[in-house]
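Good morning, colleagues. Please take a moment with the sequence and the model on the screen before I walk through a few of the computed features.

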Amino acid sequence: MLCGISGEAPQEPVASRKSGVVFEKRLIEKYIEENGTEPGTGEALTTEDLLPLTQSHIVRPRPPTLTSIPALLATFQNEWDALALETYNLKEQLARTREELATALYQHDAAVRVIARLTKERNEAREALSKVTVTGAAANGDEMAIDSTETLPAELVERVEAKHQELTKTRKKRPIPEGWATSDDVAALQTTASTALPVPNASCLALEGGYAAVGGPEGNAAVYSVEADKLEREVAVNAPITDAIWTSSRLVFATTQGNVKIFENGSEVASVSENAGAVTSLALHPLGDLLAFVGVDKSIVFYDLDTLKRLSRTYCDAALTTCAFHPDGHIFAAGTTTGEVRLFMTATLEPATSFSLGAPIQAITFSENGFWLAATAKGQTTVTIFDLRKEGDAARAKVLETGGSVQSLAWDYTGQFLATAGASGITVQQYTKSSKSWSEPFRSAVSAVAVRWGDKARQLVAVNGEGSVSVLGVKSE
């Protein structure tokens, strides 16, 4: 047996009760006195933890005096013991230093790699932004600063103003269409159909007539016939879809790749690339040929669907999440990640006013009465109704509690019913003009990421995150 410190045969061997290693008693006692731990393992060790090992009895001579040769030999032995302890401690310190140095070198190498990757991403982003700027300038034939604002052409401004005047004059006198749903009809809504579409993780829903279009982040979309309750066709967009909108027979998709793709009869007829990042929302002007889209690159773009040319563009100071046109078309609203709903004049894209919800805006929609705007933010269980005729805090006309987070909003054509959708279900909030009061005639546990009103508000069409379309209607007797 050899000593775990000196490496020599011990004269008075002892063993550690914790590790079983054999030591020279005088050496281990000195080590415990200085460090309080066991060599090698670093565990706490006391002299009580040492187990003496017995061997054949040898009669040792009497301790020599310092004046004799044996005394000198004992002195040399003590010096050797001290040297052995010091050497062992130096070996331990060297091993720890090597480990710390290896760790520091690894961290330095990782930091250098991260800095190199971030530098590469920064350079790529600058290059992409530079290309977007150049492309935008070439489209108009002149130079363009990235923070400049392009206004609509004069002839289009005249069309926007004429449409505004036309719709504003008829709005107050417009009667409720014959056969439109009443409060009792809405309260009697039931699930009449539920169909799973081949669009996993659906993210958006667009409704036109009796057809619903559903898109998802995997780049595929489906067109569903509400009346026939069946899948009409699948559409391969080949890019993650964030929003969709119908315009006559054409179907428009927004993607995370910065493209807006236009389809007709299931085939792609055009692809618009105006954004340096994901396009988050689409909106169609009452004119029918003026498309607006916003994105994470903070831009607002107006596009002509007939000529496929950009008509106007401006930039905000925050990424944009959603957008909508006023039903008269003279105001454009956009929600930001900073929690503001910003209103712009359509003709000039000049800021008009803004409202704050304190969190990234999830959904906005204008009421057909012409002076209400409903908005909700991510994670909020409330919908705030803003009165466009007022400013500041006075503009908050009503805060509606839905009991769950809201992801989608839809106002019916008459401005009576406001549908909300979220993970906890669908609700309908009703405003009664005669009593100037709000009520909730309908609540359903059907979860949905998007909801739209069907024919004469006698139907609600919704889609959940798994791509299943639910139709809620009044069942015939």
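Is Arg 174 buried, partly exposed or exposed? With a relative accessible area of 26%, Arg 174 is partly exposed. Please bear in mind throughout that this is a predicted model.

Let me stay with that residue and turn to its charged partner. Arg 174 and Glu 368 form a salt bridge through their side chains, at 3.3 Å from N to O. Arg 174 belongs to the loop between helix H3 (154-171) and helix H4 (183-187), while Glu 368 sits in the loop between strand S21 (361-366) and strand S22 (372-377), so the pair ties together parts that are 194 residues apart in sequence. Glu 368 also counts as partly exposed, at 21% relative accessibility. The cut-off for buried is under 20%.

In total, the structure holds 19 salt bridges. Let me mention two further pairs. The side chains of Glu 340 and Arg 342 meet at 2.7 Å, N to O. Here Glu 340 is partly exposed at 24% relative accessibility, whereas Arg 342, at 16%, counts as buried. In the pair of Asp 387 and Arg 389, the closest N and O atoms are 2.9 Å apart. Asp 387 is buried, with a relative accessible area of 4%, but Arg 389 is exposed, with 58%. There is also a network of salt bridges, which links Glu 150, Glu 274, Arg 310 and Arg 313.

Why can strand S10 be called largely enclosed by the rest of the structure? The reason is that six of the six residues of S10, residues 250-255, are buried. In a regular strand, side chains alternate between the two faces of the sheet. For S10, Arg 250, Val 252 and Ala 254 are buried on one side, and Leu 251, Phe 253 and Thr 255 are buried on the other, with both faces covered.

What are the strand partners of S10? Strand S9 (residues 241-247) runs antiparallel to S10 and is joined to it by six bridges. Within that pairing, Ile 245 has Val 252 as its bridge partner. The hairpin of S9 and S10 has two residues between the strands, and Ser 248 takes a positive phi near 60°. Strand S11 (residues 259-264) is also antiparallel to S10, with five bridges joining the two. Ala 254 stands opposite Val 260 in S11. This second hairpin has three residues between its strands, and Gly 258 in the turn shows a positive phi of about 85°.

A separate open sheet has four strands in the order S17-S18-S19-S20, paired antiparallel. Strand S17 (320-325) and strand S20 (351-356) are the edge strands, each pairing on one side only. On average, neighbouring strands of this sheet are turned by 20° against each other, direction ignored. Five bridges connect S17 with strand S18 (residues 331-336), where Cys 323 stands opposite Ala 334.

Next, a residue in strand S31 (residues 468-473), namely Ser 470. Ser 470 counts as buried, at 9% relative accessibility. Leaving aside residues up to four places away in sequence, Ser 470 touches Ala 193, Ser 194, Val 446, Leu 460, Val 461 and Ala 462.

Finally, the division of the chain. The protein chain is divided into domain 1 (13-52) and domain 2 (174-473). How many Å separate the centres of domain 1 and domain 2? Taken over C-alpha atoms, the separation is 76 Å. Thank you for your attention.

Conventions. Residues numbered from 1 in each chain as written. Predicted model: local features only at pLDDT ≥ 70, side-chain atom pairs only at ≥ 80, totals over all residues. Heavy atoms only, no water. Buried < 20%, exposed > 50% of the residue type's maximum accessible area, 1.4 Å probe, protein only. Pairing = 2+ DSSP bridges. Contact = heavy atoms within 4.5 Å. Axes fitted to C-alpha atoms, helices over the stretch in contact; angles between N-to-C directions. Domains from an automatic or database assignment. Salt bridge = Lys/Arg side-chain N within 4 Å of Asp/Glu carboxyl O.
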